[in-house]
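We will go from stop to stop, with something to select at each one.

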Amino acid sequence: LSDCVSGCSFGGRFYSLEDTWHPDLGEPFGVMHCVICHCEPQRNRRGKVFGKVSCRNIKQDCPEPNCRDPVLLPGHCCKSCPKARLPMLDKKGAESVFEGFEYLQEKDDLHKTYNDRSYLSTEDISPGDSRTEFVALLTSPVDSWSIGSSGVARARFTLSRSSMVFSITFERIARPTHVQFLDRDGNTLFEYKVPRTMSPDSNMVCGVWKSLSKSHVRQLRLEHLHVSMVTVGSQREEVQGKIIKHRALFAETFSSTLTSEEEHSGIGGIAMLTLSDTENNLHFILLFEGLLDRREREHTLVPIRVQLRYRQHVLREIRANVTAHDPDFAEVLTDLNSRELYWLSRGQLEIAVETEDKDPRRISGFISGRKSCDTIQSVLSSGEALTPGKTGGVGSAIFTLHDNGTLDYLVQVVGVSGKVVGVTIETKPRRRSKRTVLHDLSGEYHDGRATGTWVHLEARHIHMLLQNELFINVATEDHQEGELRGQITSLLYSGLDARRHEVPVPLAGQMVSPPVQTSAGGHAWVWVDERCHLHYEIVAAGLSKTDDVTINAHLHGFAEIGELEDSSPTHKRLLMGFYGSQAQGVLRDLSMELLQHLDRGTAFIQVSTKINPKGEIRGRVHVPNSCDSAPGLDLGEEEFDDGPYQAARRDPETLRKDPNTCFFEGQYRAHGLSWTPEYNNCFTCICQKRTVICDPIICPVLTCTRTIQPEDQCCPVCDERTEPQAVKSLDKSEEHPEGCYFEGDQKMHAPGTTWHPFVPPFGYIKCAICTCKGATGEVHCEKVTCPALTCSKPIRRNLADCCKECPEEEKDPLEHTDMMQADGTSHCKFGKNYYQNSDNWHPHVPLFGEMKCITCWCDHGVTKCQRKQCPILTCSNIIRRESKCCPECQDVNSKEDEEPLKSPEKKRNWRY
């Protein structure tokens with residue numbers, strides 16, 4: 001747990017030692033893909049390890065593409081060849097029984113007149129979203145001084161970015177109390193306490209190990225980590241095993257945990273099984289522990305017998321020889337008949353392994369569909385329909401697969417254009433006229449919902465379900481083929497327990513005010529815990545590639561929460577900005593009004609995009625809570641997600657003992673916390689590893705003719721008494737009653753005010769200016785841009801300055817003051833640079849250089865910036881070239897001469 005304390009704080013997030021990341025500065029900057037930051041471990045004089053952030057530009061490190069016309073893909077820094085594909089999976093070590101599988105392989109369609117864009121393939125997985133699967137067999141270690149356990153557990157792990165999600169199923173062992181991750185020396189790296197709310201009838205543990213350090217990820221990939229599960233009942237029991245990466249995990253759709261009838265034997269195994277894509281062949285791999293005596297027969301061949309049984313009757317039998325040194329066993333059971341497939345789908349087939357020696361040992365277990373903590377779900381949208389459309393409707397579906405092969409489902413439909421005439425579960429069609437319906441849910445559909453159980457699920461259907469190969473389709477009177485459609489996929493477990501017992505909220509364009517005819521749809525899980533913190537998870541689908549060419553098929557928007565009634569005072573809170581199709585997080589400082597609206601069911605969640613900034617999809621949220629009567633409720637302070645920081649901010653004694661705590665003005669402040677000091681409210685301070693850094697508030701340039709200095713504020717404001725009465729009344733009618741809440745400085749800003757954003761650990765960013773929009777309560781930030789310089793060797797006078805200057809053109813500050821006083825509304829100021837009215841220029845961003853796709857101009861003292869407007873493309877293969885502002889169709893050869901690339905600048909590091 002020591003690594004949880006040592007690390008780096010950057011941009012309001014905490015990173016472990018050795019972590020690397022691309023900084024996300026929020027709107028309008030976004031993710032800086034060409035800048036990489038590193039949390040470098042350092043040691044102080046006492047030998048204590050701490051983290052130091054170092055950022056550098058990696059653009060000049062890009063390799064030279066070996067093609068003629070390389071392209072720049074969205075979310076990348078380096079250009080690549082347009083026809084390059086993702087590398088194929090390494091199959092050198094694969095067994096012959098797994099050759100020829102087609103799990104992630106697309107089949108050729110002769111006449112693609114329908115939309116199959118939603119079908120998952122390896123090309124749809126971006127490198128940033130790549131996941132790695134691991135598995136572990138947990139058995140009791142048998143020592144001469146301890147009594148073994150009869151328990152056996154199977155753990156499946158998914159490494160996604162820096163978090164590891166785990167699902168552990170166990171047999172013949174009591175309810176566990178905690179799960180530990182150990183290194184090769186037995187040191188505990190992470191401990192997960194199993195919640196007491198876990199159902200006593202459940203044999204599954206779900207959890208997440210967040211923020212793995214680089215060293216831990218390295219040990220995981222090298223198979224140096226072990227997992228242990230401990231239970232405390234009438235007697236203490238423990239099972240443990242090594243975490244390994246196995247080739248069979250990508251194809252596994254059925255599984256079995258094998259146990260022994262002997263007490264305290266420490267013997268167990270797991271079986272990973274799957275069906276062939278085209279034939280009824282059952283492929284399986286067995287892992288077992290304790291079945292062979294390692295001390296006596298490490299390299300001796302031991303005969304084993306593998307049986308497929310139904311109610312003690314042997315259906316199939318395979319004999320082979322294995323060694324204790326390499327006990328894995330792989331085989332294929334060919335041509336399963338209809339009865340065997342039926343028993344397989346019902347979880348009634350048993351697989352057994354037995355040694356054939358003087359002291360035979362036997363383990364066995366029933367085969368069922370692969371178990372996981374992930375959520376089987378689907379978002380249905382008109383953009384994913386076989387004939388894509390923009391109706392603004394949405395469907396939301398969640399499924400639960402049981403061991404006996406039955407599938408529970410709940411489907412919600414909102415905002416469709418007409419009467420629903422069909423709800424079906426289907427396969428991917430080969431052609432539009434050849435749809436294959438596996439199950440019809442239409443009879444259970446009433447009042448916008450279909451709830452029921454699919455009883456007659458075949459083994460092939462279970463296999464396709466767990467391989468993300470099934471779809472759900474909703475047909476209406478006006479769209480007989482289907483108005484809404486969605487792929488049924490497994491949503492990776494995130495730690496949000498609301499998924500198990502809460503129904504998701506559908507998000508539709510028809511729910512926006514006014515309604516939006518969009519191809520997108522989504523659903524969200526929302527839950528308020530006992531501390532009145534709002535947990536949310538959003539999944540969206542259906543945005544077409546031509547809706548927003550600036551982001552190219554990636555959902556790029558923000559989610560917000562507010563109340564429904566347009567007549568009542570508006571309360572909104574920004575949840576987060578996100579890329580891709582998913583967003584999740586925690587909101588800890590909700591206002592009491594919003595909590596009350598959540599309790600009454602008059603709140604909403606809304607996702608906005610660049611095409612529809614006032615909302616593209618929306619849903620009504622009802623979360624009963626009793627936060628209005630919670631004693632000692634503190635909603636005004638942001639916290640870190642990590643447990644140690646939550647305790648440090650509330651417990652003064654913990655704060656005092658924390659070596660990273662700052663002591664300032666007689667109070668202990670937690671690392672990463674920002675506040676306004678008592679000695680001067682015109683500063684903002686932040687605690688960074690026992691060091692308090694206070695930055696003066698930077699006042700933006702005002703565009704009004706007369707300003708005043710309020711006593712309780714740091715910066716001057718416009719004198720409203722000098723404004724025309726008509727303008728004043730118009731502004732007041734549109735103003736947000738509470739202003740805008742900005743996450744950076746964690747403060748409320750009055751409607752219409754402007755300020756430079758505060759982004760920890762940078763402090764105030766002089767290169768941007770934010771405005772509180774009075775009508776919507778939203779924060780709008782723009783980049784400050786620099787003029788083109790005529791000198792050959794410009795200089796940056798201060799590290800914090802945005803723009804460089806010509807050294808020979810320095811002016812006395814009094815001249816600037818006199819110029820601004822003479823005509824306060826005809827000039828624009830950025831940093832130390834002034835621009836005449838009607839001047840225009842391209843902005844300059846540190847580490848990136850000149851932004852040629854953005855043009856700024858000075859309009860009577862107000863700087864306005866605009867990105868070049870790009871035409872909407874209708875082609876299917878859109879690329880972005882580095883020297884071009886707008887994306888292009890790949891099959892169109894542009895005749896424009898590309899601008900010569902500038903020579904790369906020298907590397908520069910940011911250190912804090």
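Start by selecting β57, β60 and β61: in that order they form an open, antiparallel sheet of three strands. Strands here are DSSP runs of E with at least two residues, helices are runs of H or I with at least four residues, and both are numbered from the N terminus. Two strands pair if DSSP finds at least two bridges between them. At the edges sit β57 (840–841) and β61 (862–867), each pairing on one side only. Now zoom in on β57 and β60 (residues 854–859), which are joined by two bridges in the antiparallel sense. Here Asn840 stands opposite Trp857 of β60.

Before moving on, a word on what you are viewing. This is a predicted model, in which local features need pLDDT of at least 70 and side-chain atom pairs count only at pLDDT 80 or more, while totals for chains, interfaces and linings use all residues. Residues are numbered from 1 along each chain as its sequence is written, and side-chain values use heavy atoms, leaving out hydrogens and water.

Colour the model by pLDDT, the predictor's confidence in each residue, from 0 to 100. The mean for the protein is 76, and 73% of its residues reach 70 or more. Select residues 544–557, where pLDDT is below 50; this stretch has 49 contacts in the model beyond near neighbours in sequence. A contact means heavy atoms within 4.5 Å. Where pLDDT is low, the predicted coordinates should not be read in detail.

Of its 912 residues, 48% are buried, where buried means under 20% relative accessible area, exposed over 50% and partly exposed in between (1.4 Å probe, protein chains only).

Which residues have the most contacts inside the largest nonpolar core? Select Phe284, Leu286, Val306, Phe329 and Phe399, in a core of 59 residues. Such a core is a set of buried Ala, Val, Leu, Ile, Met, Phe, Trp, Tyr and Cys residues joined through side-chain atoms within 4.5 Å. A second, separate core has 28 residues, including Met164 and Phe181.

Finish with some backbone details. The peptide bond from Ser513 to Pro514 is cis, with omega near -5°, and Pro514 is in the loop between β33 (505–507) and β34 (521–528). Asp447 has a positive phi near 55° and is not a glycine; find Asp447 in the loop between β28 (445–446) and β29 (449–454). Asp447 is exposed, at 80% relative accessibility.
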